[in-house]
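Let's take a walk through the pockets of this model. Have the structure open as you read.

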Amino acid sequence: MITIGAFDLPLLRSFYKSLGWEETEISSDNYAAFKTAGVILSIYPIEELARDAGLKINMNTDSFRGVSFAINVNKLQEVDETIDEIRKAGGKILREPSDAFWGGRTAYFADPENNIWEVAYNPSSVFDERGAMLSY
């Protein structure tokens, strides 16, 4: 499970729903959890997450937080297709799809609160029948 601390939970919930991601039955007005192939992505108010961890909040959503998430795809062309869907949903494309020196293809986007995501194809990745990546 991965949890993103949300400054505006309804905004992030709407963004990920617009990508076609399915919310789980444990979602509520103050918490969202989405099914993915390998993990549950949860979104929780940042104030509550920081309080639980005993940390202070940096309110600047424009700064890089030093963490990125990844959507790993099974086919090279799926990088471009995924970025097209993200663009339609209002995601900010940080780096357009491009071939990587190691034989794959990558791109980057930010959600409405500048959480950074990579979309990547690695030719040596192995996925299970659910689409969860087993190795890369």
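Which residues lie nearest the centre of the largest pocket? They are Thr36, Ala37, Ala70, Ile71 and Asn72, out of 25 residues that line this pocket. Among the contributors, β3 (40-45), β4 (68-73) and α3 (77-88) are the elements that give two or more residues to the lining, and β4 gives the most, with five.

Before going on, keep in mind that this is a predicted model, where local features need pLDDT of at least 70, side-chain atom pairs count only at pLDDT 80 or more, and totals for chains, interfaces and linings use all residues. Residues are numbered from 1 along each chain as its sequence is written, and side-chain values use heavy atoms, with hydrogens and water left out.

A pocket here is an open set of points on a 1 Å grid over the protein atoms alone, where a 1.4 Å probe fits and protein lies on both sides within 12 Å along at least five of seven lines; lining residues have an atom within 4 Å of a point. Helices (H or I, at least four residues) and strands (E, at least two) are DSSP runs, numbered from the N terminus.

Back to the largest pocket: its volume is about 720 Å³, counted as the space filled by probe spheres set on the points, which are joined across faces, edges and corners. Its lining splits into 16 nonpolar residues, six polar and three charged. Nonpolar covers Ala, Val, Leu, Ile, Met, Phe, Trp, Tyr, Cys and Pro, charged covers Asp, Glu, Lys and Arg, and the others, Gly among them, are polar.

Now for the second largest pocket, at about 440 Å³. Gly5, Ile46, Leu49, Arg65 and Asn115 are the closest to its centre, out of 21 lining residues. Here α2 (46-53) and β1 (2-6) are the elements giving two or more residues, with α2 giving the most, four.
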